[in-house]
Structures are given as C-alpha cells and as structure tokens.
Amino acid sequence: MSDTFKPGTDDVQILQREQCFSGFYRLERLQLRHRLFSGEMGAQIERELFVRHDAVCVLPYDPRRDEVVLIEQFRTGALGKADNPWLIELVAGLIDKDEQPEEVARREAMEEAGLELGALWPVCRYFPSPGGSNEQVHLYVGRCDSEGAEGIFGLPEEGEDIKVHVWSVERALAAVRDGEIDNAASIIALQWLALNRDEVRGAWS
C-alpha cells in the first residue's frame, strides 16, 4: 500500500481570496492551485468555502443505567430531504466564544438538556463536509445521570425548542440501524459507544 500524500509548505498556493458574504457565517471564494499526485502543480481552480465556527457534540451516557440522553429539535436543513425535519441528535453547540471544547460541551448540556456532565471521553475530531466547509467537529461522550432527564429546553432568544429523550443504548443503536437517527455526529458517537461500551462502563462504574 502506498503512502498517503504528505504536503509541503508550497504544495497549495492561494492566489486570491474573496469574501462573498459575511454574517454569523461567511462565504469565501478562493482561486488556488495545488500539487497533483504526479508531482506537478495543477491548474488554477475556483472553490467556494463556507466558513463557520467549529462545533462540539456530546453524547450524554449513564453507565449505571446503560442509557443515553438524546435531544429532538427542528432542523431547517432537513426540509425537503427527510420525511420528518425534527431530528434526534446529540447535545451540540458552536465554539463562538473564547472557550475550550470541553467547556462548550458542559455549557450546552445544561442549556439543551438540563444535564450536568461528569467526565468527558474524547471520541474524535472530524470534518463533516470538507469539500465546501472548514468546520471541524469535536466529539465526546459525557458521563451523566439520566434519571429524571426530561423536559423542554433551549434558549428562546435563539429560537431553540428542544425536547429531551432518554433511550437505552440498544434502542439508540436500533434507531441508527433503521435510519431513524440520520445525522453524522449521532451515528459516529453511538457506533463508537457500541465498540467501546465495556471499556467506558468499566472506567465510569
């Protein structure tokens, strides 16, 4: 198996960067060239880039009850693509202040689910859509007590209306398998938990 590409400092040349839109998010248009696998520099290409804050997603997990806490909320991006645009998701938020990812995870767990998290287990960092966005997701499993976790949460001033669900791990994994859970962060976190569940329970019980 051949080695993967190891870029050097001159293997990407940004010739022009234009700001097309600036709001809470930004849209930029880049003119660039990059090194080809042949070793030559490629032709100039144009790419549009959706510039947004990095995100933090956390799966609250109760190792004693073997339950996860998930949230349900309306998502505009699912309109016209899913039969039901109210999605089952992880607790999540953007790093849009001077905060560390772990701080965002704890703050969002309280705002979106009324949960105080204990230990945080880093799962991974990944790019959800690197073909057109620079967003990176910091993904965690967070220890919690799921007893009595229910209700409607979120910040009304941000248009949030969030319902909390407590599911067994088996039910959540079945929802992944059946397509009821259909967003990347939730699928990745639950599949990771399925693979590492014994280790997590052993460490947290």
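1. Not counting residues up to four places away in sequence, Glu135 touches Arg52, His53, Asp54, Ala55, Leu94, Tyr126, Phe127 and Pro128; contact means heavy atoms within 4.5 Å. This is a predicted model, in which local features need pLDDT of at least 70 and side-chain atom pairs count only at pLDDT 80 or more, while totals for chains, interfaces and linings use all residues. Residues are numbered from 1 along each chain as its sequence is written, and side-chain values use heavy atoms, with hydrogens and water left out.

2. Glu135 sits in the loop between strand E8 (120–126) and strand E9 (137–143). Helices (H or I, at least four residues) and strands (E, at least two) are DSSP runs, numbered from the N terminus. Glu135 is buried, with a relative accessible area of 11%; buried means under 20%, exposed over 50% and partly exposed in between, with a 1.4 Å probe and protein chains only.

3. The side chains of Glu135 and Arg52 make a polar contact at 3.4 Å. Such a contact is a pair of N or O atoms within 3.5 Å; within protein, one must be able to donate a hydrogen and the other to accept it, and residues adjacent in sequence count only if both atoms are side-chain atoms.

4. An open, antiparallel sheet is formed by three strands in the order E1-E2-E3. Strand E1 (12–22) and strand E3 (45–51) are its edges, each pairing on one side only. Strands pair if DSSP finds at least two bridges between them. E1 and strand E2 (residues 26–34) are joined by nine bridges, and Gln16 stands opposite Gln31 in E2.

5. Strand E11 (residues 162–168) pairs with strand E5 (residues 67–74) in the antiparallel sense over six bridges; Val69 has Val166 as its bridge partner in E11. Strand E10 (residues 152–153) also pairs with E11, antiparallel, over two bridges. There, Ile152 is the bridge partner of Lys163.

6. In the largest nonpolar core, of 28 residues, Leu59, Val68 and Leu70 touch the most other members. Strand E4 (55–62), E5, E8, E9, helix H2 (169–178) and helix H3 (184–204) each give two or more residues to this core. The largest share, seven residues, comes from H3. Apart from this core lies another, of 18 residues, among them Val56, Ile71, Ile95 and Leu115. A nonpolar core is a set of buried Ala, Val, Leu, Ile, Met, Phe, Trp, Tyr and Cys residues joined through side-chain atoms within 4.5 Å.
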